[in-house]
Structure formats: C-alpha cells, structure tokens
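Q: Hey, can you walk me through this one? I'm new to reading structures.

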Amino acid sequence: MPDQPSALHQLAEKIDREGLITLGEYMGIANAAYYASKDPIGEDGDFVTAPEISQMFGELIGIWLSDLYLRKGSPSNCHYVELGPGRGTLASDALRAMSKFGCQSDVHFVETSPVLKVKQADLHPDATWHETIDSLPEEGPLLVIANEFFDALPIEQFIYTKDGWRQHMVTRERNKFIAIPGTESVADQLSTKIEFDVGTILESSPASTQILGELANRIAKQGGVLLIIDYGYDEPGTGSTLQAVKGHMPISPFDSPGTSDLTAHVNFLSLANTARNRMLAIHGPAEQGIWLKAVGIDQRTETLCKASPKQADAIRASHHRLTHLDEMGRLFQVMAATSIDWPSPEGFVYGEENEIA
C-alpha cells in the first residue's frame, strides 16, 4: 500500500487546485495526518493528557459512572464508549474502578489513528473499534467519555471586515500557509445582529455540533450519559482560539501542518444547547478542579499516599497539576449530558449559578 501523501502536500495540492480552502478543511486534513502518523502523548510526544498524569483521573470517572449506573438500578447491556481514547489509559483506570462496583460493560473505542489503536489494543484486546459513532451499539445505555476530544475537531472562523462578515480561508503565499478573509459575504451564516469592530473573529465548529447531536439522539433513545472534559468556554466570546503545539511548545497553526497538534477551545454553550434540543439534561459545566474535588480526588490522593509513602510527593504533585487554578483546574471544564430518565450525576452544583441557561 503506497504511503499517504503528507498533509503539507495534500494541502498545497488542494489550494493550488481550488484557490482557497476553509479553515475547517485545513484543520481536518492536518490533524488526520498528524494522528495517523504518531503517538503524540507523553513527555516524548507533543502534549500530556490528564489520564497520563495520574491514575486518579480515570478511577474517579469510573466511580462516577458506577454511581450513576447503580442509582439507575444497574441496567443491563451497558456499553462503555470512549471518543479518542488516546493510549487507552483512562479506560483502563475507569473500567478497573467500575468492576469493583459490579458495573460490567463491553468496551467501544471511536478511534481513527492506526498508531493509537495498537497502543489501545495492548490494554484492551477485547475492545471493539469504530471509525465513527455510526456503528456504535443501537441497544442498551451508552456511557460515553470524551476527554480532550472535541478540541481537536475542525472549526470555522468568521472575521468582520470593512465590507462585512467574511469567512476565514486558507491559502498559500510564498510557499507559506496563511489565513485571509474570503471574498463572499457570510452574514446569513451568523445568528448575531450585534455590531462588532473590524477584525473581530467569531468561531464555530459544525463538526462538533454534528457529532454531539448524533450522540445525543442515541442517548435520548437508548439511555445513558455523555461526559465531556476539555478546555473551553461557556459564554459567547470573540477572538481566535486556534492553536498548535509541537514538542510541548506553542507554534503557529500554519507552520507545521500534519506534524503539530491543532486544537481550539470548545464552545460548551453550543454543545449544551445542541444536547438540550435533543431532550437531554445538562449538568455543568464545572471547572475540572472543582469537579474532581467534588467526586473525591482529595480523599483518593491521601489513600494512595498512605499506601505508597515513597511516592507521596509525586502523587500530590499530580493532584496539584490536575486541580490547581494555575494548572488544569480552571482551564478545563467538565460537563455531562444525561438521558432525562437517568439520575442527576455527582460533582455539579445544581442551580442557576452553575448550569448553562
């Protein structure tokens, strides 16, 4: 089988053929090539995720799922589903915790990276893999985890110019990729009627909305829960959140397509509204640090420190990294969407002050 052309080659060829491409097309091609070619996670990769920092992260998610499962009456034929499961570390820790509470389920991974599938299979040889969510089981509740999944989905950007709203497009100039305003008005694609300053950028993620909508339809019909953990915002905002990281360092999103991780902040308000329109109940979002403390990370930290006193400093350092405001504690948000006949999950303060309206 011939090697797949590099992202740089694919993008250059597409732009040369079409003139301009959307930012979403650029991001989609770049990230597809990136994740197909390497394991980007860990100190030797480009970034580190919460499950790789500490076993506590996945364990607490497993306990959280088990609590919902038990309060629902231990329904049969549940399916553990993870979107973009990385190396399978979160699933390993979560499923271990779930088994202690009698919460047994088959395992389904939605994954497109052949490199990461190999890593996942080492830990979960009995899992079922899916290229898309379309082939997930159609009977029985779905227990869906999306940790740092939605941030990697393509976004579109719209910029306000002196001539009105234009879509950000990507082209090549002197063999470099750059973003420029398109030539056609896109005001009809935006719901806003607010006057903005020239240069203002608005973002959307049609890919995220589509996937969330399809999952929400499934959960509304089959029962279950979707837990989303990612960095993002829960109020409308302006400005570009598109970013790239390579070797744990930020770089320009247009410098190294296919060899750097392209992400954007997740619009939790949009995801919540999409799920609510499918008749799901929304819980949160809450800051990751607050949520983890609410579901027991402080107690789990002390238990692990007593069991492994020589590792106590490292365990407490992991706790700090996951929960502190200056680390992952505030930037990352946690939101759940449940079938309306399922219990309200733990970890969220219920009331107007904490739920998206």
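This is a predicted model: local features need pLDDT of at least 70, side-chain atom pairs count only at pLDDT 80 or more; totals for chains, interfaces and linings use all residues.

Q: Okay, so at what angle do α10 and α11 pack?
A: About 165°, with the axes 9 Å apart. Helix α10 covers residues 297-307 and helix α11 covers residues 312-323.

Q: What does that make α10 relative to α11, roughly parallel or roughly antiparallel?
A: Roughly antiparallel, because angles over 145 degrees count that way. The crossing of α10 past α11 is right-handed.

Q: Which residues meet there?
A: From α10 you've got I297, D298, T301, E302, L304 and C305. On the α11 side they meet A312, I315, R316, H319, L322 and T323. That contact splits into six nonpolar, three polar and three charged residues.

Q: New topic: how many aromatic pairs are in the structure?
A: There are 10. In one of them, Y160 and W165 have ring centres 5.1 Å apart and planes at 65°, so that pair is edge-to-face. W165 is buried, at 7% relative accessible area.

Q: And what about W291 and F348?
A: Their ring centres are 6.4 Å apart and the planes sit at 45°, so this pair is tilted. W291 is in helix α9 and F348 is in the segment after β16, so the pair ties together parts 57 residues apart in sequence.

Q: Is W291 buried or exposed?
A: Buried, with a relative accessible area of 0%. F348 counts as buried too, at 8%.

Q: Which residues do ring pairs link into a cluster?
A: Y26, F177 and F254.

Notes: Residues are numbered from 1 along each chain as its sequence is written. Side-chain values use heavy atoms; hydrogens and water are left out. Axes are lines fitted to C-alpha atoms, for helices over the stretch in contact, and angles run from 0 to 180 degrees between N-to-C directions. Helices (H or I, at least four residues) and strands (E, at least two) are DSSP runs, numbered from the N terminus. Angles under 35 degrees count as roughly parallel, over 145 as roughly antiparallel, 65 to 115 as roughly perpendicular and the rest as oblique. A crossing is left-handed if the near helix is turned anticlockwise from the far one by less than a right angle, and right-handed if clockwise. Contact means heavy atoms within 4.5 Å. Ala, Val, Leu, Ile, Met, Phe, Trp, Tyr, Cys and Pro count as nonpolar, Asp, Glu, Lys and Arg as charged, and the others, Gly among them, as polar. Rings of Phe, Tyr and Trp (its six-membered ring) pair if their centres lie within 6.5 Å; planes under 30 degrees apart count as stacked, over 60 as edge-to-face and the rest as tilted. Buried means under 20% relative accessible area, exposed over 50%, partly exposed in between (1.4 Å probe, protein chains only).
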